[in-house]
Amino acid sequence: MPRVLAAVVVAMSVGANAAACDTTLPDHVRILDCPLAMAVARAAQRSAVLNDLLQRVQRTNGLIYITPPPPAGTATRLLGGFSHAVSLAGSHRILRIFVSGKLDDASMAIVGHELRHALEVLELSTAGTETEVDALFDQIGWRTSGRTGETQAALDAGYAVARELRASKAHSLLAR
Ligand SMILES: [Zn+2]
C-alpha cells in the first residue's frame, strides 16, 4: 500500500497549493501545479512572446492543461511535449502540454514552443480528434520520429522566448 498512500499525499498537497496559488494566467490556460503556474506567470512578465502566446490561447476555443510529465511512460524522459490527443468538452477543445519538473528558463522556452503547437491546432484547424491533429501536422510541418511532428513556427517561438528570458536576466544582473 505505500504507493497508494504516496499518491494520496501528493494529490492533497497539489490541492492545497492550487487553492493558494494566485497567478494572472488567462483562464484558458490551466496549470494545477502551483510552482509551475507561478513559474509560467513570472516568465510571461519577462518574455513578451510568451505572454502573447498565452493571450492568443485565450482568444480561441481551446483549454490548455500544462502539467509535469506523466510519472511513467516514454514521455517521462522528455523535456516537454504536446499531446495530439485533443478532446472535446462542450464548445471547448482540450489540449495537453507537459513540461519537465525543472522550473528554469529552458523549460519556460519549451512551454512557449509547445504553446505554439497548441495554437497551430486552435488557430489553423477545427481538428477535434488525434487523427485530425496528426493530419494537420503532416500538412504544416514534418515528422521527427514516429508520430512526433515539428514545425518551424514552434521552433521559432521557443527560440524567441529563450532569447527574451536570457536578455531579461542579463538586464537584471546589470541593474543590480
Ligand atoms: Zn515541437
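## Where α4 meets α5

In α4, Glu 120, Val 121 and Leu 124 are in contact with Val 133, Leu 136 and Ile 140 of α5 (contact means C-beta atoms, placed from the backbone, within 7 Å). Five of the residues in this contact are nonpolar, none is polar and one is charged (Ala, Val, Leu, Ile, Met, Phe, Trp, Tyr, Cys and Pro count as nonpolar, Asp, Glu, Lys and Arg as charged, and the others, Gly among them, as polar).

This is a predicted model, in which local features need pLDDT of at least 70 and side-chain atom pairs count only at pLDDT 80 or more, while totals for chains, interfaces and linings use all residues. Residues are numbered from 1 along each chain as its sequence is written.

Helix α4 covers residues 105-124 and helix α5 residues 130-140; their axes are 11 Å apart and form an angle of about 100 degrees. The two helices are therefore roughly perpendicular (65 to 115 degrees).

## One face of α2

Now to helix α2, residues 34-46. Its end C-alpha atoms lie 19 Å apart, which agrees with the 18 Å that its 13 residues should span at 1.5 Å a residue. Leu 36, Ala 37, Ala 39, Val 40, Ala 43 and Ala 44 are buried in α2 (20 or more other C-beta atoms within 10 Å; exposed is 12 or fewer, partly exposed in between). Those buried residues fall within an arc of 165 degrees seen down the axis, so they line one face of α2. They pack against α3, β2, α4 and α6.

## Asn 51 in α3

Asn 51 sits in helix α3. It is partly exposed, with 18 other C-beta atoms within 10 Å. Asn 51 and Val 161 are 110 residues apart in sequence, and their C-alpha atoms are 9.4 Å apart in space.

How values were computed:
Axes fitted to C-alpha atoms, helices over the stretch in contact; angles between N-to-C directions. Helix = DSSP H or I, 4+ residues; strand = E, 2+ residues; numbered from the N terminus. Parallel < 35°, antiparallel > 145°, perpendicular 65-115°, else oblique. Contact = placed C-beta atoms within 7 Å. Expected span 1.5 Å × (residues − 1). Arc of directions from axis to C-beta.
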